[in-house]
Amino acid sequence: MDKIHILQIGDRDWNEVYELPEEVNLEHTRVFTELPEKPYDMCILDKAPSEEEIELLYQAVKAYTLFLTESVRMRGPAAWLCRSKRAKRIADSDMQRFLLEETRYFFSKPYGEKFSLRDVAISRDFSGTVKWHGNYSVELQGEFGDDFCQIALWRYNSPVSQGQVVDLWLEYHKEPEVELSLIVNQFVDSSVDQMLGQCEFDETQLSRMMRIEAKNGDSSLSFSLRARGKGKLQIIALHKRFSRGGCGHFLPGGKRYVSSGREELFYYFDPCNMEPPLNVYFAGYKTQESFEGYHLMKNMDCPFLLLSEPRLEGGSFYMGSRRYERRIISIIEKYMEELGFTSDQVILSGLSMGTYGALYYGCDIRPHALILGKPLASIGNVAANEKHLRPGGFATSLDVLRYVCGSLDTDAVERLNSRFWDKFDASDWGRTKFIVSYMIEDDYDSDAYNKLLSHLSSSGVQVYGKGSHGRHNDNTSAIVNWFVDQYGKVLREDFGRGIKKK
């Protein structure tokens, strides 16, 4: 594991006071006068900072990574810094435990993955029916037996480094008569028979994130699912993530919502300087699980909210049950209220799949601006194009169609398209700017930009568009560059702000 870099400001050097983990590098200073090459993973204040130090700390410390000891009193600008960085206080009596047990969760590089459904093997002893639903799930129906027995396994082991803690989450649906348990075996690294331990998680434990630590050196994990009873079981996905312990998900401060159907949504809010606007960024399609756009949004130096969802193979365009979608709206509204911002002080944005989230929930928020790169709106058409225009290019679109509409037929295509356009047409866009960069020969949603223009009938709406030649995934750099430039223009001209220079 990479070293975790901690800045400690105070009169005493804690390298001489406390025991520190091997993976921690603690840099002590009495006065903080110089910015590091990159932000610290953590900062602990054992004295109140001066006004000169506050500005440096604002740049050098990430949100949710600033901690104060009991004796530090933060007033005026220092109190503002604490609000901006979501600072927490640590009791002196708890400091040694905190340094030994909690600092390891502030590593710099988050990581998460979903194991491929193609790597799931079904037991040959199962005599019931087996149905594969694209890359979404495998459905088993029949007798599983009176005693727990292995019903499925993931073919490949997954590595875990010494001292690393990982979180596991299993997505599944089942009928009440079916009981499950997940077995996780831990092997010596590069071995298939030297077992270090075994964990079995019953259904009560499966309702929470499961946590495993590599205490005895580098190792690898194997996973198998046991079942008993009779009925239907749908195995959807097994996720593995580097654990942040109790300090967040993916990033310190990252939050997680789980629906009653075990579907997840992740979000991260950084208050920055707490001045308008609030920049909301919807992640695009991504198979590696984490937040997207952190550094991009951080460089804007405005409050920002990142949204990411790991359903299906890379995301389901932020569509789901009424409760799931309402949760996304309530998250955005929560941080608007916390900052005291109105809708005309909000920007929704995204690239590719993220544009759908921005547009779809823009109908509810009605923001000052929508900044979009490679917009997708008629997701039914995106799936239909898989057959002739883009064979094998984006098979996940078929999973989305079936997942949302329950079918792959022509009627389902139209219903999925209407899900967006009916909502879009019912919204008043009179105070919103649409800033769109699109691909002229887009092979996903070929007429998204033109159709947006034709459906925008609200008086006062503004549209800025720029087309680039190529298919959907061609010339992404040009799209991103224009996306960033337009963000800067809106911040500068509409809010008197500027993007920080790197």
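**Note on cores, cysteines and rings**

1. F424 touches L359, C363, W429, F434, L452, H455 and L456 when residues up to four places away in sequence are left aside, a contact being heavy atoms within 4.5 Å. This is a predicted model, in which local features need pLDDT of at least 70 and side-chain atom pairs count only at pLDDT 80 or more, while totals for chains, interfaces and linings use all residues. Residues are numbered from 1 along each chain as its sequence is written, and side-chain values use heavy atoms, with hydrogens and water left out.

2. F424 also belongs, with L278 and L305, to the residues with the most contacts inside the largest nonpolar core, which has 108 residues. Such a core is a set of buried Ala, Val, Leu, Ile, Met, Phe, Trp, Tyr and Cys residues joined through side-chain atoms within 4.5 Å, where buried means under 20% relative accessible area, exposed over 50%, and partly exposed in between (1.4 Å probe, protein chains only).

3. C199, by contrast, is partly exposed, at 32%.

4. The count of aromatic pairs comes to 37; rings of Phe, Tyr and Trp (its six-membered ring) pair if their centres lie within 6.5 Å, with planes under 30 degrees apart counted as stacked, over 60 as edge-to-face and the rest as tilted. W14 and Y18 form an edge-to-face pair, 5.2 Å centre to centre with 80 degrees between the planes, and both residues are buried. The rings of Y356 and Y360 have their centres 5.4 Å apart and their planes at 20 degrees, so this pair is stacked; Y356 and Y360 are both buried.

5. Two charged side chains lie over ring faces, a placement that requires NZ of Lys or CZ of Arg within 6 Å of the ring centre and within 35 degrees of the ring normal. K85 lies over the face of Y58, at 4.5 Å from the ring centre, and R244 lies over the face of F107, at 3.9 Å.

6. R241 is buried, with a relative accessible area of 4%, and its side chain makes a polar contact with the side chain of E264 at 2.7 Å. A polar contact is a pair of N or O atoms within 3.5 Å; within protein, one must be able to donate a hydrogen and the other to accept it, and residues adjacent in sequence count only if both atoms are side-chain atoms.
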